[in-house]
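Work through the exercises below with the sequence and the model at hand. Each task is followed by a stepwise solution.

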Amino acid sequence: MHRRARFAVDEHGGRYAMGMDASGEHLDADVEVGGAWASSFFGSVEEASAFYRSGRIGWSLGHDGRTLEAVALAAEEWAVEAAQAHSVHSSFFDALPRGSVVLDHVVVMRDLDITMEAPATAVGASQPLAV
């Protein structure tokens, strides 16, 4: 479920250490902007950027446990940069079988004004889940 979270960010030059905690879930990442682009999915940073921009709507189980709720990332500008991961840990990925997740690439968006909004016109918004 989408819910409030606490974020801690430590920025030094182009290196970002970020932590997020939300109701027992967590994400910790230490990344550095720059370096050579390497991805087995995308041939370029621009290709990855276009993919992420087209998938700016996320879905989660609603608070009633039966519906899906949409949240969209809204940004007037869109600027993605390649980055290198020093470390990434996530409670979501930690819960999966060992070896089933492999980090492919890292991109960073920085110095952008963004908002998260509930898109009222999103296809499938607040629809009951099939049982």
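**Exercise 1: Ala17 and its surroundings**

Task: State which element holds Ala17, and list its contacts beyond four places in sequence.

Solution. Ala17 lies in strand 2, residues 15-22; helices (H or I, at least four residues) and strands (E, at least two) are DSSP runs, numbered from the N terminus. The model is predicted, so local features need pLDDT of at least 70 and side-chain atom pairs count only at pLDDT 80 or more, while totals for chains, interfaces and linings use all residues. Residues are numbered from 1 along each chain as its sequence is written, and side-chain values use heavy atoms, with hydrogens and water left out.

Next, take the contacts, meaning heavy atoms within 4.5 Å. Leaving aside neighbours within four places in sequence, Ala17 touches Ala8, Val9, Asp10, Ala29 and Asp30.

Last, Ala17 counts as partly exposed because its relative accessibility is 31%; buried means under 20% relative accessible area, exposed over 50%, and partly exposed in between (1.4 Å probe, protein chains only).

**Exercise 2: Salt bridges**

Task: How many salt bridges does the structure hold, and which parts does the pair of Arg15 and Asp30 tie together?

Solution. Apply the criterion: a side-chain nitrogen of Lys or Arg within 4 Å of a carboxyl oxygen of Asp or Glu. The structure holds 2 salt bridges.

In one of them, Arg15 pairs with Asp30, the closest N and O atoms being 2.7 Å apart. Arg15 lies in strand 2 and Asp30 in strand 3, so the pair ties together parts that are 15 residues apart in sequence. Arg15 is partly exposed at a relative accessible area of 32%, whereas Asp30 is buried at 16%.

Arg110 and Glu81 also meet in a salt bridge (2.7 Å, N to O). Arg110 is in the loop between strand 7 and strand 8 and Glu81 in strand 6 (residues 81-90), so this pair ties together parts 29 residues apart in sequence. Arg110 is partly exposed at 26%, and Glu81 is partly exposed at 27%.

**Exercise 3: Aromatic pairs**

Task: Find how many aromatic pairs the whole structure contains, and describe the geometry of Phe51 with Tyr52.

Solution. Rings of Phe, Tyr and Trp (its six-membered ring) pair if their centres lie within 6.5 Å; planes under 30 degrees apart count as stacked, over 60 as edge-to-face and the rest as tilted. The search gives 4 aromatic pairs. Phe51 and Tyr52 are edge-to-face, at 5.3 Å centre to centre and 75 degrees between the planes. Phe92 and Phe93 also form an edge-to-face pair, with 5.3 Å between centres and 75 degrees between planes. Ring pairs link Phe42, Phe51 and Tyr52 into a cluster.

Then check exposure: Phe92 is exposed, with a relative accessible area of 53%, while Phe93 is partly exposed at 42%.

**Exercise 4: Confidence**

Task: Where does pLDDT stay under 50?

Solution. pLDDT is the predictor's confidence in each residue, from 0 to 100. The protein has a mean pLDDT of 86, and 89% of its residues reach 70 or more. The values stay under 50 over residues 122-131, for which the model has 17 contacts beyond four places in sequence. Where pLDDT is low, the predicted coordinates should not be read in detail.
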